[in-house]
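Here is a friendly tour of one model, meant to be read with the viewer open.

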Amino acid sequence: MEIESNPVKSPEPRFVRLVAAFCALLGLVWLILYGLWLSFPSLRPGHEQIYDLKLELASRGAIFERNAPIRVVMFGDSRVLAGFDPDLFDELSGGEVQSYNLGLPNSSDFLDVLEGMVASGSSPTHALLVSPWASRRETSAWNLIQNDQEIISKLFPFRYFPRDLAQFLVRSYQHGGVLSYYDYMQQQVDSARRDRGYFFIEHMSHFPNDRLPKDFRLESESPDRVLVRPYQLSGNAYMRVRELSDRHGIQFIVVPLYHREGQYAPPRPNEKQRQMLEPHGISLKGPDYWIYPNAFFSDPTHANREGAAHYTQQLWNTVGPLLLESAGSETPGKSP
């Protein structure tokens, strides 16, 4: 008796087809979201657009418009973004200086940006710092694999697009509709481009005339706490600073930041830090920070336009003579 065999068909071809179809669908969704993210950049929050604008200009050597004898970049976070006015700073220099505000929202790292400027052939002569350099973990292949956030950021740069779109649509009702608000967001980025990195953070201002009330206070304030900036004179970040200084002639100057009255205690004398940094070719000018009245702030953290003008004037009075001395010039008279 002959028994017929019915071999069981292998499920592999069907499985492969399903996997291929899934990958194709996933790739199509990725392309659509990536295309939408690129096509409508003004849907993203303004601080992200300004961040990208500055990085893009720095990477292609478009920070400085002319080859001025003194080229200054100022680094810091959003407080520098809203506090340093390059137009006023250059005016106070009598035309000897061309400056740029490289304050980056939610970031105070500067070494990658500065090295990118040098590589693009648009190196500054001076770099103003409000916070010290800091070493960070080396980005080896193994460290990158272990960094989930970094991997997600690289693979899905559009991951916040649905959230940004929803926020944009909600806010557009307060700005005359979708098209009007989209134009408004583009104008905000154009303003930062025109003002060479300076940007008044309007959307966080909720008081009349963009000025905090005189009696404004927060429970989180620490009026008895003194902020002290630590300096690392070894490690990877320090060596990068020294290389930029020694090989490319960039002079680093540590300058004060600003805080509200009552937010922190007045700064301590920092003469020891000044003497410690001087042999390393790094200048420290002024105290660690200045204390300003509430009237100079549009929100609890950022300067309004009046505060930015005052801060820029005080910065010039503090570092201007050193800048002009490096070019063999005399200090122009101070403006009132």
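## A nonpolar surface patch

Patches consist of residues with over 30% relative accessible area and no salt bridge, with like charges joined within 9 Å and nonpolar side chains (Val, Leu, Ile, Met, Phe, Trp, Tyr) within 5 Å. A salt bridge puts a side-chain nitrogen of Lys or Arg within 4 Å of a carboxyl oxygen of Asp or Glu; areas are Shrake-Rupley values with a 1.4 Å probe, and for residues only the protein chains shown count as cover.

This is a predicted model, where local features need pLDDT of at least 70, side-chain atom pairs count only at pLDDT 80 or more, and totals for chains, interfaces and linings use all residues. Numbering starts from 1 along each chain as its sequence is written, and side-chain values use heavy atoms, leaving out hydrogens and water.

Here, L25, L28, V29, I32, L36 and F40 make a nonpolar patch of about 520 Å². L25 belongs to helix α1 (residues 12-39); helices (H or I, at least four residues) and strands (E, at least two) are DSSP runs, numbered from the N terminus.

## The parallel sheet

Five strands form an open, parallel sheet in the order β2-β1-β3-β4-β6, where pairing takes at least two DSSP bridges between two strands. Its edge strands, β2 (97-103) and β6 (282-284), each pair on one side only.

Strands β1 (residues 70-76) and β3 (residues 126-129) are joined by 4 bridges, and F75 has L129 in β3 as its bridge partner.

## A loop residue

Q263 sits in the loop between β5 (257-260) and α11 (271-277). Its C-alpha atom is 8.3 Å from that of S220, 43 residues apart along the chain.
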